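Here is a short briefing on one protein chain. Look over the sequence and the structure first, then read the points below.

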Amino acid sequence: MLKDHTSQFSGEKILVVDDEKVIVELTALLLRGRGFTVLTAYNGEECLDIVRNEQPALVLLDYMMPVMDGETALKNIIQNHPDTYVIMFTGKGSEEVAVRLMKTGAADYLQKPFVNSSLLERIDTVLQIRQVELANRDLLREKDQLQLEIEAWNLHLERRVEEKSQELELAHREILQTEKLAALGHISAGMAHEIRNPLNAINLFAQILSGAYSEDLENSSYIRKIVEEVERVDSILVKMLAASRGTAAPRSEVRFEKVARKVLADCDVLCRSQRVMVECLIEEDIPLIIADPTEIEQIFTNLVTNALFEMQQGGRLGVRLTLDEGFIRLEISDTGRGIPKEHLSQIFDPFFTTKEKGTGFGLSVVLRIVRGYGGLIKAESEVGRGTTFIVKLPTSRLLVG
Ligand SMILES: Nc1ncnc2c1ncn2[C@@H]1O[C@H](COP(=O)(O)OP(=O)(O)OP(=O)(O)O)[C@@H](O)[C@H]1O
Ligand SMILES: [Mg+2]
């Protein structure tokens, strides 16, 4: 028989709060009979203490009480314990109060004196609503969580797409660069041959004229200019050839450290005159390599020349040679003007120069050589602070010979 009387929510905690002891005791008896776990309190303050510690599913709360009235307790429960629902007991004929309490957040109200059956009915209904609403809240929380996860995934995917696009762009740029170097190779080999012959002739005639006009100061200065310009054209052609040379040069044993020291010694005078401090760090265990010594020197010379050009008002030239997981790593840094972002993607292009008398071949020569040894080169730069070129050459390719 007891089973018939047991509520479907038996076991749930219900707190009964009223200053009238008889009401509390009778209600508690009734509810226990229905299988609820019943807690009791006699004023608002006690009520809040128990709610805080026990978190009951439901509070039956009297409106009129000493110490702390029911409405104040209700507000506190609504604000701090959203999982605890409240049914208010009000006096007869106080509909206005009831409306206000419902607006504040009470789940229901009952006018005193009440009939037991309607109390039990209300309790079951409110607990049912509570069950649905809590489940709903859980679902919403789950939905929010899923939404957050989806957003994180989206962000991750967007980042991956962006990374892949950048890789593709880089690969595309590398292909373009290789094509440019190849095209340059064809053109320059032909041009150098065709142009250097007449250039030699001009040079020769200028020398003859220079003898004839040795007394004439004005004309001999023009002739000197002709010779200088011819030499400039010739040096451009030599650089063009170097940038595009396809055939492998003979290789021999090269000591990186020696090459570095030679290049630094060659530019020692320039460094002093420009008041450039040189900081050189060379690790001891850099292995002897098999390579074309001229090419290795060209890497150093071109990078150091560029660095020094940027530090005509003084600065610090850094040369670091280290071993880095199977790579010989060379870093040449300067404290010069830096490279603007929009130039970074072009500096390795043949002909790209920002210098009045530059040819724009230096870095394309370095790139061709580095690629020839299966290596990598990149520039890190900050305008106004300086630039570092990092070259990485795989020792596996350099040791075999
Ligand atoms: N260390 C550096 N600091 C700032 N800009 C640099 C640096 N190195 C290279 N650059 C930029 O890259 C451009 C290309 O350099 P690259 O060495 O290929 O040609 P160049 O120095 O202009 O001429 P050259 O053929 O005489 O070397 C330079 O004109 C300059 O704008
Ligand atoms: Mg240069």
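Buried residues make up 24% of the 401 residues in the chain; a residue is buried if 20 or more other C-beta atoms lie within 10 Å of its own, exposed if 12 or fewer, and partly exposed in between, with C-beta atoms placed from the backbone. This is a predicted model, in which local features need pLDDT of at least 70, side-chain atom pairs count only at pLDDT 80 or more, and totals for chains, interfaces and linings use all residues. Residues are numbered from 1 along each chain as its sequence is written, while chains are lettered from A and ligands numbered from 1 in the order in which they are written.

**Overall shape**

- The chain has a radius of gyration of 44 Å, whereas a compact globule of 401 residues would have one near 21 Å; the radius is taken over C-alpha atoms, and the globule rule is 2.2 Å times the number of residues to the power 0.38.
- The C-alpha trace spans about 135 × 50 × 40 Å along its principal axes.
- The domain assignment gives domain 1 (2–114), domain 2 (168–244) and domain 3 (252–400), with bounds that come from an automatic or database assignment.
- Between the C-alpha centres of domain 1 and domain 2 there are 100 Å.

**Secondary structure and contacts**

- The chain has 13 helices and twelve strands; helices (H or I, at least four residues) and strands (E, at least two) are DSSP runs, numbered from the N terminus.
- Of the contacts between residues at least 6 apart in sequence, 68% join residues at least 24 apart; two residues are in contact if their C-beta atoms, placed from the backbone, lie within 7 Å.

**The sheet**

- An open sheet with mixed pairing is formed by five strands in the order E7-E9-E10-E12-E11; two strands pair if DSSP finds at least two bridges between them.
- Strand E7 (276–282) and strand E11 (376–382) are the edge strands, each pairing on one side only.
- On average, neighbouring strands of this sheet are turned by 10° against each other, direction ignored; axes are lines fitted to C-alpha atoms, for helices over the stretch in contact, and angles run from 0 to 180 degrees between N-to-C directions.
- E10 and E12 run antiparallel and are joined by eight bridges; Ile 328 has Leu 393 in E12 as its bridge partner.
- H8 packs on the sheet, where it touches E7, E9 and E10, and its direction makes about 170° with that of E9.
- H10 lies across E7, E9, E10 and E12, and runs at about 20° to E10.

**Nonpolar cores**

- The largest nonpolar core has 36 residues, and those with the most contacts inside it include Ala 260, Ile 299 and Phe 300; such a core is a set of buried Ala, Val, Leu, Ile, Met, Phe, Trp, Tyr and Cys residues joined through C-beta atoms within 7 Å.
- Elements giving two or more residues to this core include helix H6 (116–212), helix H8 (256–266) and helix H10 (293–309).
- H10 gives the largest share of this core, six residues.
- Domain 2 (168–244) and domain 3 (252–400) each supply at least three residues to this core.
- A second, separate core has 31 residues, among them Val 16, Leu 31, Ala 57 and Val 126.

**Gln 274**

- Gln 274 is in helix H9 (residues 268–274).
- Gln 274 counts as partly exposed because it has 16 C-beta neighbours inside 10 Å.
- Leaving out residues up to four places away in sequence, Gln 274 touches Leu 308, Met 311, Gln 312 and Gly 314.
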